[in-house]
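Reader: I would like a close look at one part of this model, the charged side-chain contacts. Please take them slowly and state the cut-offs as you go.

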Amino acid sequence: MAVYKITPTKGNLIKIKKSLDFAEKGYDLLDRKRVVLVKEMMSLVDKSKKLQEEIEVEFERAYNLLKEATITMGRENLDNIAEGISKEERYNIVYKSIMGAMVPTVFYKKDQENYIDFGMYNTNPAFDKAIKEFIKIKDIIYELAEIENSVYNLAKEIKKTKKRANALDKIQIPRYKEIIKETEEILEEKNIEEFFRLKKIKSKN
């Protein structure tokens, strides 16, 4: 292992021991951070799976209602209604930090706030239920997008944290330990040499 050379003095030995202590504490903090981030990410992954399953169920229900509405109302009538639906909606994304990972929260108008009045058309219960189902699906999609982006950002932060922790654990900490070992050995040799030198001087006197 390549070791950075330092002047083998007691002062430098104290400094490098402090650096080792700091590195070990840093590794411990990074490892704890990684555990917390992984736990948070796995919780969101579970939520994401449940939402994906819910979306599949809701889509099937909504399309069945839409097919029923198409049969009872006619395709042309539905096309006219569709042309009157706004495709753009305002929403805001606010980010917050979870131990360095930026996770989004989406703010938008929900549920019946977005319900459009179709009183001028000859709609029926199947159509009204289909609209409500698609609005519900939209809400789930917003939530799913929020969660999946959070998972992605958490995964990036976990990777970065793991890389930094590994650098300390596999490189920096062993390097400090090796420097301390070599410095202590050199200082011990100097102490022995000094001991015998003084002993020799005393024997001459």
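How many salt bridges does a search of the whole structure find?

Author: This is a predicted model, in which local features need pLDDT of at least 70 and side-chain atom pairs count only at pLDDT 80 or more, while totals for chains, interfaces and linings use all residues. Residues are numbered from 1 along each chain as its sequence is written, and side-chain values use heavy atoms, with hydrogens and water left out.

The search finds twelve salt bridges, each being a side-chain nitrogen of Lys or Arg within 4 Å of a carboxyl oxygen of Asp or Glu. One of them joins Glu184 to Lys17, with N to O at 3.2 Å; because Glu184 lies in helix H3 (residues 125-204) and Lys17 in helix H1 (residues 10-73), this pair ties together parts that are 167 residues apart in sequence. Helices here are DSSP runs of H or I with at least four residues, numbered from the N terminus. Glu184, at 36% relative accessibility, is partly exposed, and Lys17 is partly exposed at 41%, where buried means under 20% relative accessible area, exposed over 50%, and partly exposed in between (1.4 Å probe, protein chains only).

Within helix H1, Arg61 and Glu58 are three residues apart, about one turn of the helix, and their closest N and O atoms are 3.4 Å apart in a salt bridge. Arg61 is partly exposed at 39%, whereas Glu58 is buried at 4%. Both residues also belong to a network of salt bridges that links them with Glu133 and Lys136.

Key. Helix = DSSP H or I, 4+ residues; strand = E, 2+ residues; numbered from the N terminus.
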